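Keep the structure open while you read.

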Number of protein chains: 4
Amino acid sequence: MNKQRMEAFSDGVFAIVITLLILDIRIPSVPAEGLAAALVALVPQCLAYVMSFCVVGFYWAVHHRVAHQVKLVDGTFTWLNLAWLLFVSVMPFPTSLLGRYPLQALPIVIYGVNLVVTNLTGLAVQVYMARQPRLLHEPVARGAIARLVPIYVTVNALYGVAIGLAWVLPWGSYALYAGVLTWMIVRNILGRPRMEEGTQPGTTPAAAA
Amino acid sequence: MNKQRMEAFSDGVFAIVITLLILDIRIPSVPAEGLAAALVALVPQCLAYVMSFCVVGFYWAVHHRVAHQVKLVDGTFTWLNLAWLLFVSVMPFPTSLLGRYPLQALPIVIYGVNLVVTNLTGLAVQVYMARQPRLLHEPVARGAIARLVPIYVTVNALYGVAIGLAWVLPWGSYALYAGVLTWMIVRNILGRPRMEEGTQPGTTPAAAA
Amino acid sequence: MNKQRMEAFSDGVFAIVITLLILDIRIPSVPAEGLAAALVALVPQCLAYVMSFCVVGFYWAVHHRVAHQVKLVDGTFTWLNLAWLLFVSVMPFPTSLLGRYPLQALPIVIYGVNLVVTNLTGLAVQVYMARQPRLLHEPVARGAIARLVPIYVTVNALYGVAIGLAWVLPWGSYALYAGVLTWMIVRNILGRPRMEEGTQPGTTPAAAA
Amino acid sequence: MNKQRMEAFSDGVFAIVITLLILDIRIPSVPAEGLAAALVALVPQCLAYVMSFCVVGFYWAVHHRVAHQVKLVDGTFTWLNLAWLLFVSVMPFPTSLLGRYPLQALPIVIYGVNLVVTNLTGLAVQVYMARQPRLLHEPVARGAIARLVPIYVTVNALYGVAIGLAWVLPWGSYALYAGVLTWMIVRNILGRPRMEEGTQPGTTPAAAA
């Protein structure tokens with residue numbers, strides 16, 4: 001089983017999820033003179049939209065790097081990948097919840113739990129892959145996954161703190177979600193793919209060319 | 001007519017169906033203190049969502065394997081494939097119905113009938129393909145389709161029992177749906193592609209490599 | 001400008017339109033004892049869904065054949081193609097209208113007008129292509145477009161009659177829409193691609209191989 | 001990191017956005033005798049739909065040309081591209097707003113601001129690309145970006161005037177939006193890709209062949 005359709009299908013899911021997010025911002029039916037106030041009331045939904053757009057974009061970038069190393073796909077990889085996509089596909093629901101009830105604890109908790117579970121399934125895909133060299137273009141470097149673990153532990157611990165803060169300091173939760181996301185995106189932009197560095201030795205020369 | 005656009009189009013349909021499923025889980029407009037209760041009331045819809053996500057993911061994996069054997073696509077194949085995709089595309093409707101009326105007989109029946117019809121059109125695609133060696137990379141092994149039949153008969157018989165149980169024991173119907181789905185996914189993960197084994201002799205060495 | 005992204009984009013649009021159609025079949029909020037009656041009331045929408053699924057599937061098959069002949073894409077082709085996709089993308093609207101008001105004249109008229117306009121833009125794409133041999137793998141055979149014209153005239157004349165019947169005999173309109181669609185699909189399945197036969201001489205040997 | 005998945009993902013986003021636009025045209029529940037009036041009331045939404053379909057189609061054509069020059073994708077390119085796609089993905093919202101409140105100032109302003117921001121992120125992608133020859137098939141010609149600037153300045157200045165007119169002369173705003181869009185599409189169709197001419201010297205011979 002080659003990987004092309006797995007990539008095409010995954011790209012489709014990411015593209016659809018990221019685009020469906022906007023459908024949650026519904027325009028209320030108000031008389032014209034109340035339009036400005038109604039639009040101001042949508043600001044939390046717009047911020048939730050931007051955050052989730054970046055979250056899905058980030059997972060897509062990670063998926064891109066993981067799939068880049070893969071040569072063949074087996075049944076386990078397919079279903080681990082589907083589990084990852086399941087939690088990515090769920091994103092419009094916690095996003096919509098957060099946009100509508102921005103200062104309630106429950107939506108903040110659900111949003112954070114979804115992020116943690118998505119991270120864990122994404123990590124599971126990478127751990128499985130590292131143990132199946134027959135599926136890869138070249139074996140994952142020794143210790144690459146071990147180096148991944150502290151990053152995942154830190155990120156998920158911060159999300160755990162954000163979840164805990166939901167009941168006492170919602171703005172702290174948002175600061176943590178936005179901060180971790182910004183940190184991840186900056187790492188991604190800086191082109192220091194530490195999260196996958198050990199597993200992609202072949203791409204470094206190409207990127208340096 | 002080559003098969004690339006058939007695959008791209010089918011992947012698109014599968015990716016969209018699997019992602020649209022989440023749109024059926026609508027957040028009710030409730031005051032903040034009623035939010036927890038409103039979210040608990042969504043649990044049946046969430047379970048229906050997960051089941052249908054796995055169903056669509058499974059059909060995608062089967063489609064992937066079928067298409068892998070195909071070299072050329074003719075008019076009949078195109079329309080049999082479209083019929084298969086039609087019943088896959090319908091999935092959000094019975095899923096939504098099941099999530100909203102989880103213990104009524106009718107939604108359980110409609111869900112099961114849709115599964116049976118989707119299976120039959122998928123089988124029709126494979127039977128047609130086996131009889132058109134000119135469309136394939138290599139001919140389907142003698143008896144491959146004959147070996148498929150008992151699996152399809154068993155699966156659809158179990159769905160038939162689940163449909164019959166809808167009026168007397170809805171939980172029995174769910175156990176059967178979930179059980180058959182789990183059995184199919186486990187077979188898929190275990191990499192013993194019995195359902196298509198005879199028809200894909202060329203891929204066995206690659207998978208064993 | 002190569003044609004690959006034009007195909008990928010068009011496939012995406014067709015796949016999304018064909019899958020979005022199901023979203024128009026909304027489940028009414030009724031008490032459990034009224035569910036059967038509510039589902040029976042959805043039958044016209046289900047029939048409209050199946051018809052439009054086949055319509056979009058048919059246009060996809062035609063698009064597939066047209067794009068198969070193309071090697072390069074220029075600005076005019078891109079925008080003619082976008083005009084074609086515009087009227088395909090509109091399909092969920094007249095479908096939904098037809099499903100909700102099945103025996104009113106106006107929805108039948110709008111549905112028919114959309115079919116006629118989609119046909120005409122599709123024909124425009126083919127006429128333009130035939131006059132731009134530099135965009136094609138091999139020149140369109142002399143007279144190929146001339147042979148297309150009577151088919152398009154017949155189909156659109158039948159749609160015109162169906163539109164006229166909307167006010168006096170709605171069932172006659174439906175019979176014509178379904179009849180023409182069945183005729184087109186049967187031609188497509190029989191593998192006698194008369195509509196494009198002259199324009200695809202190169203594919204006949206391949207299909208016969 | 002190769003560019004194929006960036007293209008596949010971007011094509012998916014463009015295809016979904018352009019197709020989702022139709023979902024905003026909702027059919028009101030009216031008695032049959034009020035249907036004609038209800039449909040006439042949808043005319044502004046239909047016009048907004050056509051305009052946004054052309055806008056998204058135009059950005060897709062520009063994206064196509066930009067991506068055509070790219071060989072490799074780095075982290076910065078990925079996130080600039082995601083920012084561009086973010087503002088393209090937002091389109092269904094201002095389109096829906098414009099269709100429902102066509103003569104209010106605020107929707108016209110929001111629509112225009114979204115166009116300006118989308119243009120600026122698209123320009124940022126091209127400026128970044130021109131400075132990273134290692135990502136390109138061949139270096140961007142000297143002065144190509146400098147020649148882009150007056151076009152972007154003119155377009156965005158016209159949009160700025162349209163935004164200013166929203167409070168005093170809404171029809172003037174529409175005339176400017178439609179006029180600029182028509183001008184851009186005509187330039188695109190005429191095949192004089194001035195906007196990217198300097199950056200795509202390699203494609204001119206191919207197009208002339």
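Chains B and D have no contact with each other, and their closest C-alpha atoms lie 9 Å apart. Chains A and C also make no contact, with their closest C-alpha atoms 9 Å apart. Bear in mind that this is a predicted model.

Now for some charge. A positive surface patch brings together R26 and R100 from chains A, B, C and D. One of its members, R26(B), sits in the loop of chain B between α1 (4-20) and α2 (35-40).

How covered are a few residues? Here they are side by side.

| Residue | Relative accessibility | Class |
|---|---|---|
| R26(B) | 42% | partly exposed |
| S96(D) | 7% | buried |
| W84(B) | 1% | buried |

S96(D) belongs to helix α5 (residues 92-100) of chain D. It counts as buried because its relative accessibility is 7%, and the cut-off for buried is under 20%. Leaving out residues up to four places away in sequence, S96(D) touches I27(A) and D24(D).

Next, find W84(B) in helix α4 (residues 75-90) of chain B. Which residues does W84(B) contact, leaving aside neighbours within four places in sequence? They are Y59(B), V62(B), H63(B), T118(B), T121(B), G122(B) and V125(B). With a relative accessibility of 1%, W84(B) is buried.

Note on methods:
Residues numbered from 1 in each chain as written. Chains lettered and ligands numbered in written order. Predicted model: local features only at pLDDT ≥ 70, side-chain atom pairs only at ≥ 80, totals over all residues. Heavy atoms only, no water. Patch = residues over 30% accessible without salt bridge, like charges linked within 9 Å, V, L, I, M, F, W, Y side chains within 5 Å. Areas by Shrake-Rupley, 256 points an atom, 1.4 Å probe, with all protein chains shown as cover. Salt bridge = Lys/Arg side-chain N within 4 Å of Asp/Glu carboxyl O. Lys, Arg positive; Asp, Glu negative; His and termini not counted. Charge placed at Lys NZ, Arg CZ, Asp CG, Glu CD. Helix = DSSP H or I, 4+ residues; strand = E, 2+ residues; numbered from the N terminus. Buried < 20%, exposed > 50% of the residue type's maximum accessible area, 1.4 Å probe, protein only. Contact = heavy atoms within 4.5 Å.
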